[in-house]
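Here is a short briefing on how two chains meet in a predicted model. Annotated sites follow at the end.

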2 protein chains.
Amino acid sequence: MAMARRLNQGDIDFEPRFAELLTIKRESSVDVNDQVAQIISDVRKDGDEALFIYTRRFDRFDLSTANLTIGKEEVDAAVEACSEEDIKALELAASRIAAYHSRQKPEDVRYTDDQGVTLGWRWTAVDAAGLYVPGGTASYPSSVLMNAIPARVAGVERVVMVVPTPDDKINPLVLAAARLAGIDEIYRIGGAQAIAALAYGTASIAPVDKIVGPGNAYVAVAKKQVFGQVGIDSIAGPSEILVIADCENDPDWIAADLLSQAEHDVSSQSILITDNEEFADAVAITVEKQLGASPRQDIAGEAWQNNSAIIVVDDFTQACTLSNRLAPEHLELAVADPDRLLPHIRHAGAIFLGRYAPEAIGDYLAGPDHVLPTARAARYASGLSVLDFMKRTSIIGAGEEALRRIGPAAVTLANAEGLHSHAQSVALRLKQKP
Amino acid sequence: MAMARRLNQGDIDFEPRFAELLTIKRESSVDVNDQVAQIISDVRKDGDEALFIYTRRFDRFDLSTANLTIGKEEVDAAVEACSEEDIKALELAASRIAAYHSRQKPEDVRYTDDQGVTLGWRWTAVDAAGLYVPGGTASYPSSVLMNAIPARVAGVERVVMVVPTPDDKINPLVLAAARLAGIDEIYRIGGAQAIAALAYGTASIAPVDKIVGPGNAYVAVAKKQVFGQVGIDSIAGPSEILVIADCENDPDWIAADLLSQAEHDVSSQSILITDNEEFADAVAITVEKQLGASPRQDIAGEAWQNNSAIIVVDDFTQACTLSNRLAPEHLELAVADPDRLLPHIRHAGAIFLGRYAPEAIGDYLAGPDHVLPTARAARYASGLSVLDFMKRTSIIGAGEEALRRIGPAAVTLANAEGLHSHAQSVALRLKQKP
């Protein structure tokens, strides 16, 4: 049976074993840098033709100019193929995600300060965003909504989707989600070649300014390599959850929460911190029981066995301290009064409050984005938001009077830094010697 | 004499020559990837000892545990060594930068929606930030203020500075700026080894969560390589300015503005767009005249000759269209009514309004940050801000009633994605079949 490691904060070897959880190697690191560089170079040189060749090779699909685009009729047909229940659920998710993200729209600022200097900033959307959607089993409609809706809310005029169709297969719900998110430009490509096409453009595909969305190692490395030519979102690592739970919880609920991350990938990580030994035992047993009944028990079992842990602490203040060291992507506070713990939590991608807020509602339709920082990146990074599709331009204005007040100090500093023309550009306007 | 290229929108070869400006190779690309990887690996393995060895080799300074830190006394002495005028100018800059950035502090949000779901987000500062300051001629006190003050305003508790002291030399104004910015932890190291120490820590230096600040190729590559272990700011490229000016400007002022970017680096780019041939001629002549008198004429002349341009257009609507394609780091609107053009500008790092707002005041003390996106990154990126030192945590809370309303759709979507435990984690709480 799969068993997560068990730690007790009282144990003499607690610190090294906890530290191991922070650094545990969860991702296999295949080096695809050179291969990806070659693919990008080919797409830049040969454009569409390179897309056709790589798609034949990797996706076993005979791509051509004629079928590169997934058009309106094909999306219509996909929507038709979906069950009404699934479409209704997607619609609820889309409207809730849009409602939450709408509150993130930033405000422009403009004011004149006490020296008469006009200051402020202005937010504008990027012109075009590209969304990568994986093919095959990891082709999730929820991911389409979570990546595309913030772009739409930001006001991005052109949102493009790329999705490979290996062996000519595509998940119809993915196309239905694209329709709901207002995407009307979809290309049947994937892998590093799709990222290269989005970044540099081809005869058929205009380039974008920002690329988001999850993908395999090739996609992740390609995004890193085109960064600078375009903006990218963060590179997503394996999913993870930390549940802080008291003994009043139903072990069945908590076990399901832990397995809901473990089932994503063999590299996922699930951790329970509780203050009660018996509850810890009960959850451990229940996880094993649920694993036995899970259609994804191979994946979830491996993640649970290799990367996961149940930790018993003396009190919840200690739990918060450990949580801050883990800086988890998802944190459930399954306790009677989660708001009491909240001020002690410094680093987490998303926090779920109370016993009736399982992480899965955040994956689909609570409203906040499910693209969140992993692998302790919550120490310095945030989840995807409307701001990722906008940029802020500073505004600086001055008339003669204002420049007369602040200009001389600028001349002083420019001279101190040995930047002659900087000094002169101000001094000339003040008819001052630089 | 150095002469920038001259373009006229009416010319038959305008488009290819303008396109060349967008793609002009401005940075030499030495490949230091392997060297940097070795340095980082050595610092991770040997810690302080590696810092000592590399500092002796690269900075010709005999570093040891005893002199690794630049302490209070040394900073006191540096401040004493500065002129009162310089200190006063730095103080004005610091207070204006702090005032502007204080307005960027984001607000937390929390609300309950119509389904009874608690939603929102919370901003928290990173625990520790590291600021890289170059040594030698590029050691700018203004850069210390522009990088450290946003961190302070964000509420970062520990702000660390690293600065190399090649041949035991340091600019006292840099230490004075550090004092003004509230930095009290300073290490005498630079290069890739300093970035490695900040990211991974050594016996003497605790690691940070975010690294910012400009540096040479080694520093830039090291930041890319440690990204993920810590957050980093953007990788700064050579500076650039676009001036949109009518013929009512004094050519002397505009020439100085153009040269104030050109003098930064031989890779800098300065572009003037005007609607008046005679004014274009006058500026061209004035630039040459000013160049002759500039102590930095070698640098500025090369940048002006190789990367820069004067462009004549028919009207300012065209000027804005070209500006959006250039997406400049700095944009001056030196026209009678800059606010009339503003709505047409989509992409720029900072915009300077009117004839009395030379870019140099933005470099030093207008208030906004001088760390701005270069090389057309303003299409998707923003300048440094308080938000770069904070991260946003999503908040999701639900009671039984709220989960009963939104939960069933989450179960539907989880099942559609084949994620059994996701469905179960919701269904169990609803006593529903997953």
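In this predicted model, 117 residues of chain B are in contact with 116 residues of chain A; contact means heavy atoms within 4.5 Å. The area buried between the two chains is about 10,200 Å². Buried area is the accessible area (1.4 Å probe) lost on putting two parts together, summed over both.

- Carbon and sulfur atoms give 56% of the buried area.
- The rule finds 10 salt bridges across the interface, each a side-chain nitrogen of Lys or Arg within 4 Å of a carboxyl oxygen of Asp or Glu.
- One salt bridge joins the side chains of B:Asp209 and A:Arg379, at 2.8 Å from N to O.

**Strand pairing across the chains**
- Strand S14 (residues 390-397) of chain A runs parallel to strand S13 (residues 350-353) of chain B, joined by 4 bridges.
- Strands are DSSP runs of at least two residues (E), helices of at least four (H or I), numbered from the N terminus. Two strands pair if DSSP finds at least two bridges between them.
- A:Gly397 has B:Leu353 as its bridge partner in S13(B).

**Annotated sites**
- An unreviewed UniProt entry places "binding site" at A:Ser239, A:Gln261, A:His264, A:His330, A:Asp363, A:Glu417 and A:His422.
- These positions span 184 residues in sequence, and their farthest two C-alpha atoms are 55.2 Å apart, so they do not all gather at one spot.
- UniProt annotations may be inferred rather than shown by experiment.
- A:His264 sits in the loop between helix H10 (251-262) and strand S10 (269-274) of chain A.

**Conventions**
- Residues are numbered from 1 along each chain as its sequence is written, and chains are lettered from A in the order in which they are written.
- Local features need pLDDT of at least 70, side-chain atom pairs count only at pLDDT 80 or more, totals for chains, interfaces and linings use all residues, and side-chain values use heavy atoms, without hydrogens and water.
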